[in-house]
Every structure is written in C-alpha cells, then in structure tokens.
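Colleague: Please take one part of this model and look at it closely, then carry the account on from there. I would like the cut-offs behind each term as you use it.

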Amino acid sequence: MKVFSIVFGVLIAICGLSCIFTPLITFLEAGYFLVILLFVYGTVGIIRSVSSRTYGMDFVFNILSIILGVVILAVPKLKLMTDGVLLYLMAFWFMLQGIINIFRSMRQKKAVKGIGWVWTLTLGILGLLVGIYSVIHPRLLVLTFGILVGVYFIESGISMIVMAQDITRDEE
C-alpha cells in the first residue's frame, strides 16, 4: 500500500504540473473529467446496488449518471455547456469557501490567542473577492482554472506521499 500511495502521489503531482503549464487545455478538458466521474460514480454505485441487492432510487440515480455521461460525451455542445457551468460552480465555490473562512476566523479569534485568525480572515476575504470577480468576469477563471486544479493536484500528491511515510513510521 505504501508503494502504491507514493507512486500515485507522484503521478498526481506530475499531473498537477501539467495542469499548471497548460491551464487553457485543462479547462477545455474539464468536461471530459466530469464525464469520467459520472461513469465511475454510476458504475461503482450499480455494482454496490447489485452486490447488496438494493434496487431503489440510488440504483436508478446511478444508471442516470451513466446515461448523462454518455449524453454529454455524445453531444459536443453539451460538453461545452458543461465547461461553462463548471466555471460558475467554481466561482460560487470560491465565494462559499471565502464566507466559511470569514466565519471560521471569527470563531478562531474568540477561541485562540494570537493573530492566526487574521490569516484566515484575509484568505476568506480574498476567496470571496475572487469568487465575485469570477462571476462578473468568467474569463479570469478560464485562464486560472488549470493553475488552481494543478495546485490542488500537487498538494494532494504531496499529501499522499507524506501519508505513506507516516504509514511506514506507524508500521515500524
């Protein structure tokens, strides 16, 4: 498991670098990533439903996920529309994350001594402003989408590598 985590972490970090160096291509391919997620989500859900012999709404939703993935893949205009929707979802995510950080900083200010809450407040305000600006000017997000995804992938890859090292220390 340790080797798998390290190899996968390195691969994710390399993918992150690729996203950073090709941000526009990353944005344009994000719709395909969503299609892959729909396929995987639907397939795993169907397997889980069949193995547990539960054929309720969850089973129907998983089938619909696969159908939606096929439709988005088959109709090029839907893929382009999916990319556009992802822009606004990302902008609203920035705003929500900013608001959450602002409230978190207020709780930190009351609970913890020091000025650590100022960083959380600053990041919250910046996140909120980036989100609002991205809704007003979505082209900004088109250019930065790949960079943001790349940074997230690099951070996730490094995190997997560090966790693999922690697993090794626990085993010793």
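Modeller: Val-3, Phe-4, Val-7, Phe-8, Val-10, Leu-11 and Ile-14 together make a nonpolar surface patch of about 650 Å². A patch joins residues with over 30% relative accessible area and no salt bridge, linking nonpolar side chains (Val, Leu, Ile, Met, Phe, Trp, Tyr) within 5 Å and like charges within 9 Å; a salt bridge puts a side-chain nitrogen of Lys or Arg within 4 Å of a carboxyl oxygen of Asp or Glu, and areas are Shrake-Rupley values with a 1.4 Å probe, only the protein chains shown counting as cover for residues. The model is predicted, so local features need pLDDT of at least 70 and side-chain atom pairs pLDDT 80 or more, while totals for chains, interfaces and linings use all residues. Residues are numbered from 1 along each chain as its sequence is written, and side-chain values use heavy atoms, without hydrogens or water.

By contrast, Thr-26, in helix α2, is buried at 13%. Beyond its neighbours within four places in sequence, Thr-26 is in contact (heavy atoms within 4.5 Å) with Cys-19, Phe-145, Gly-146 and Val-149. In the loop between α2 (23-52) and α3 (57-74) sits Arg-53, which is exposed at 69% and has a positive phi near 55°, although it is not a glycine.

Helix α4 (residues 76-111) has 36 residues and reaches 51 Å between its end C-alpha atoms, close to the expected 52 Å, that is, 1.5 Å times one less than the number of residues. Its buried residues include Leu-86, Leu-87, Met-90 and Phe-94. Leu-87 has its C-alpha 8.9 Å from that of Arg-139, 52 residues away along the chain; Arg-139 lies in helix α6 (residues 138-171) and is exposed at 70%.

Trp-117, Thr-120, Gly-124, Gly-127, Gly-131 and Ser-134 are its buried residues, and they fall within an arc of 120° down the axis, so they line one face; the arc is taken from the directions from the helix axis to the C-beta atoms. On the face turned away from this buried side are the exposed residues Trp-119 and Ile-136.

Technical notes
Buried means under 20% relative accessible area, exposed over 50%, partly exposed in between (1.4 Å probe, protein chains only). Helices (H or I, at least four residues) and strands (E, at least two) are DSSP runs, numbered from the N terminus.
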